[in-house]
Every structure is written in structure tokens, then in C-alpha cells.
Amino acid sequence: MFFYWERVVDFLVYSLFGFNKNEHLAQALHFFIYDTIKIFILLVSIIYLVTILRSYFPVEKARAFISGKNRITGHILAAIFGVITPFCSCSAIPLFLGFLQARIPLGVTFSYLISAPLSDAVVIALLLSLFGWKIALLYVLVGLAIAIIAGLIIGGLNLEKEVLIEVKPMNIDFNEEEVSFKSRLKESWEFTKDIFNKIYIYVIIGVGIGAFIHGYVPTDFISKYAGGDVWYAPIVAVIMGIPMYSNAAGILPLVEVLTSKGMLLGTALSFMMAVVALSLPEAMILKRVLSVKLISIFFGIVGFGILIVGYLFNIIL
């Protein structure tokens, strides 16, 4: 999706700036430039598009449709939608915000936010090639289960008051047919700028933290403290994974290296799921959108689910 932008960043960092690809600083700088601009583009474009669409469709009817379904149906649909969208934990936030602004139930939006970074077509293909279809299928199923169950729990806790960004109708009554397309575009752009101005600094801080960890934390360090078959290995793996930031496709090669160095597959997958679904940069960005209480609940529920998955894989395999 951002192939050409990545080539531009390659040119900037390795040709124009003259860095060596193997340098820690080069890896961190490449990561920071690439991901910051990518998330900014997604943030503006997705919120702008969702806002324009809101001007044409009766959002309350959409909410009523989701709410009127079986309690689990909306969460299942959101989790499946997450699987087919190729976003990492930070890149999924713009669409998560779009869902919040569209007044989709909070628990359903979290089912999407959890599911989106865990697996997509590329991840499934990589898992198939590295570990076979049984592992790939089991991984996707447990990823969906975590997203659905966590969304249901969060939705049942009535935490809407913990959303810090006010969800309100826009100034123009878009239900009026005489409102011009130009007015819709202008109002949607003002709305998008307002949201962007509230969270862009958190994107920069969050990606900056992720870039530093991406460039400077060695594989051997992870393997040393989370390897082997000791009972606490999945716990250590999850704790070590949360501060990091990558998408699932980017972290899978590292998982292959870790398993080759003796880390159990369940522990390695727990590490991967913690990296992609519960990154520290994601928490930094969400801090402007959600209260610390809600972020803590989100991380706690998902982290516990990931631990269960790690132990389950280690026992079965």
C-alpha cells in the first residue's frame, strides 16, 4: 500500500543521508520517517472519508442495525473486518477513530482495533510458509477469539465516558438535501483538522519510541530472557513485546529466528501478538483519545488473552 513511499524513505536515509542499512540509527530513522508519514496520511484520509460518508448516510440507523443484531454479531463482523484490513496497531487507530465518530458501539470498535493488527492476508501466507496450515489456522482463530471476547467485555463495562474526544454531530445538518457537496467537503475537512490537531503530537512521540526500540533492541536480548521452556517464558515475552512496535508481517521473520534459537512456538507467538496488538506507541497515541483507565483495561484484557494463547500453543505443540 505504501510501497513507493518506502522507496522514497530508502533513498532519503540510505542515499541522500548516506547511512548504512546495518546501522542502528539508520534503522530507527527509517522506521520513524516511514511510519510517521504513513500514519499521518491514514489519519487524515480515513477520518476525512468517514466524515464525508457520514454526511450521506443515517449513522443512527447504522448504529441501530448493529445494536439490533445478536450481541455477538457486531463483534464478529468487526473482528473479521480487522483481518481483511492490512494495518498495524497504530495504523488501525484512524479507522478506530472513524468508528467512534460514527457512534459505533465502543466494544465493537475495540474488536476491530484488536483484530486489525493481529492478522491479514500477508501474515496468513507467511505463517503457512513458515509453520504450516494448522498453525496458521489456529493462529487466526485465536486472534479472532481474543478480539471478539475482549470487545464484548469492554462493551459490557459501559466505559463510553472514558472516551476523551467528544463524539458529536457536525455543525451542518447533513440530512438536508440542499446542502451542497462543497459545503460537505469543507465541513468534513474542518472536522478532520480538529481531530488531527488533537493527536498528531502523540503519533510523533509514539512512533519515536517505537523507532528507538526497533533500531536498538537486539534479537539475542529477547531470546535470552524469554527463551526456553520455563513456565514464565510467555509472561516475559508479552512484557518484552508490549514496548515494541511492528506489524505482524514485519515481526514474523523475528519469530522464526527466535524459535530457531530454542524459544517455544507459543512463547514466540505471544511475543509477536504483544508487539503487534499492544504496542507502547499505540498506547501513546490512544492516550489523547481514551482515558488511562480504559487503555489499561484494554491492555489488561488483551494481554491476558495473549498469555492464554501462548500457554495453549506450548501445551498443544
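The dialogue below takes a few features in turn.

Tutor: Keep in mind that this is a predicted model.

Student: How many helices and strands does the protein have?

Tutor: There are 15 helices and 0 strands.

Student: How do I read the length of a helix such as H8?

Tutor: Compare its span with the one expected at 1.5 Å a residue. H8 covers residues 133-156, which is 24 residues, and runs 34 Å from first C-alpha to last, close to the expected 34 Å. Just after H8, Asn158 has a positive phi of about 55°.

Student: Is His30 buried or exposed?

Tutor: Buried means under 20% relative accessible area. His30 has 11% relative accessibility, so His30 counts as buried. The residue lies in helix H2, residues 24-54.

Student: Which residues is His30 in contact with, leaving aside neighbours within four places in sequence?

Tutor: They are Glu6, Val9, Asp10, Val13 and Tyr14. For the protein as a whole, 49% of the 317 residues count as buried.

Student: And Ile239, buried or exposed?

Tutor: The cut-off for exposed is over 50%. Ile239 counts as exposed because its relative accessibility is 57%. Ile239 lies in helix H11, residues 233-241.

Student: Which residues form a nonpolar patch on the surface with Ile239?

Tutor: Val230, Trp231, Tyr232 and Ile235 do, and with Ile239 they have about 510 Å² of accessible area together. On helices in general, an α-helix has 3.6 residues a turn, so residues three or four places apart point the same way.

Definitions and conventions: Residues numbered from 1 in each chain as written. Predicted model: local features only at pLDDT ≥ 70, side-chain atom pairs only at ≥ 80, totals over all residues. Heavy atoms only, no water. Helix = DSSP H or I, 4+ residues; strand = E, 2+ residues; numbered from the N terminus. Buried < 20%, exposed > 50% of the residue type's maximum accessible area, 1.4 Å probe, protein only. Patch = residues over 30% accessible without salt bridge, like charges linked within 9 Å, V, L, I, M, F, W, Y side chains within 5 Å. Areas by Shrake-Rupley, 256 points an atom, 1.4 Å probe, with all protein chains shown as cover. Salt bridge = Lys/Arg side-chain N within 4 Å of Asp/Glu carboxyl O. Expected span 1.5 Å × (residues − 1). Contact = heavy atoms within 4.5 Å.
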